[in-house]
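Here is a short note to read alongside the structure. Please follow the points in order.

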Amino acid sequence: MASSLQLILILTLSSHLMFYEGNAATCSNCFLHSQAVYYPNSDQHGTEIGACGFGRYGATINNGYVSAASNLYRGGIGCGACYQVRCTNGNFCSDKGVNVVITDQGSGPGDFILSRKAFGRMGESKSDAKSLLALGVVDIEYKRIPCSYPNKNIIIKIDENSDYPYYLAFMILYQQGTKDITAVKLCEPKRLVCKLLSRSYGAVWTTTSPPTGALSVRMLLSDDSGDESWIVAANNLPKHWKAGKKYDTGVQVNDL
C-alpha cells in the first residue's frame with residue numbers, strides 16, 4: 001500500500017512539474033508587471049541624446065513612440081528592442097496600450113520612462129491621455145514583441161566621430177524580430193581576415209585600425225533560449241566608407 005501511495009505521489013508531482021515547465025516555456029509571450037513614467041519635452045518625438053547613441057533616429061523612430069529603460073537597457077543590448085506596454089487603470093487605459101522602441105537608459109519607479117507621446121497613447125481617449133499624464137506614474141504590464149520595419153533592410157549608420165581609416169564606429173538600425181545583436185565582426189572577404197568589434201556604449205560598435213578594403217559585416221543574433229546564429233550582410237561596406245553615411249546591408253531578420 002505504501003509503495004502504491006508513493007507511486008501516485010511521484011506521478012502527481014511529475015505532472016505538476018511538467019505543467020509548470022510548459023508554462024515557463026511559453027511565458028516569453030506573457031505580460032510582466034511594472035510601472036511607467038514619462039520624460040518632458042517629448043510630445044512629438046523622443047530625445048536625440050539617448051544613451052543608445054541613436055541620435056536623430058532615436059528621436060523619430062516609431063513615430064516618436066519610444067522609451068528609456070532601466071533594467072531592460074541591459075548594458076546597451078536592449079537598445080532597439082520593442083515592447084507592448086499597457087497601463088492597468090480600468091478608468092483610463094486601453095487594452096492595446098502602446099508599442100515602443102527602447103532608445104535610451106534611465107531610472108524611475110519602474111522599467112519604462114516613456115516619451116510623453118507614448119505615455120498618453122496608453123489612454124483610451126484624448127481625455128484619458130490627459131488624465132494619465134496628470135497621474136505621472138502608472139502601473140503597467142508589458143511584454144517584448146517583434147520589431148517590424150516593412151520594406152526596410154538592416155542599415156549601418158557610420159558615426160560622425162569615425163575617422164577613416166583609423167577609427168570606425170557605427171550603429172545597426174532597423175533590425176526586425178525579437179533577437180538581440182550580441183556581437184559584431186568585420187571581415188575582409190578577399191583575405192578572410194575578421195576582427196571582433198567592441199560595444200562602446202548603447203548600440204554603438206567600434207574598432208581602432210579597422211580592416212582595409214570592402215568590409216563584410218557579420219552580426220550575432222541571440223535570444224533568451226540561448227539560441228545563437230550569425231547573419232551576414234549581403235552588401236559590403238565600401239572600401240572608402242565615410243563618417244555620417246548610411247549603408248544598406250541588403251539583409252533583414254524575418255522571424256516575426
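Predicted model: local features only at pLDDT ≥ 70, side-chain atom pairs only at ≥ 80, totals over all residues.

1. Leaving aside neighbours within four places in sequence, S94 is in contact with R86, C87, R121, M122, G123 and E124. S94 is found in the loop between β3 (82-87) and β4 (98-105). Is S94 buried or exposed? Its relative accessibility is 12%, so S94 counts as buried, since the cut-off for buried is under 20%.

2. Now the disulfides. A disulfide is a covalent bond between the sulfur atoms of two cysteines. How many does a search of the whole structure find? The search finds 4.

3. Take C52 and C79. Their sulfur atoms are 2.1 Å apart. The link is left-handed, with -90° about the S-S bond. C52 lies in the loop between β1 (32-39) and α2 (56-60), and C79 in the loop between β2 (66-69) and β3, so the pair ties together parts 27 residues apart in sequence. C52 is buried at 0%, and C79 is buried at 13%.

4. Another disulfide joins C82 to C147, S to S 2.0 Å. The torsion about the S-S bond is about 110°, so this disulfide is right-handed. C82 sits in strand β3 and C147 in the loop between β6 (138-145) and β7 (155-158), 65 residues apart.

5. C187 and C194 also form a disulfide. C187 is buried at 1%, whereas C194 is partly exposed at 39%.

6. Finally, the sheet. In an open sheet, 4 strands run in the order β10-β9-β13-β14, with antiparallel pairing. β10 (193-196) and β14 (228-232) stand at the edges with a single partner strand each, so one side of each has no neighbour in the sheet. Strands β9 and β13 pair over 7 bridges. V184 stands opposite M219 in β13.

Definitions and conventions
Residues numbered from 1 in each chain as written. Heavy atoms only, no water. Pairing = 2+ DSSP bridges. Helix = DSSP H or I, 4+ residues; strand = E, 2+ residues; numbered from the N terminus. Buried < 20%, exposed > 50% of the residue type's maximum accessible area, 1.4 Å probe, protein only. Contact = heavy atoms within 4.5 Å. Disulfide = S-S within 2.5 Å.
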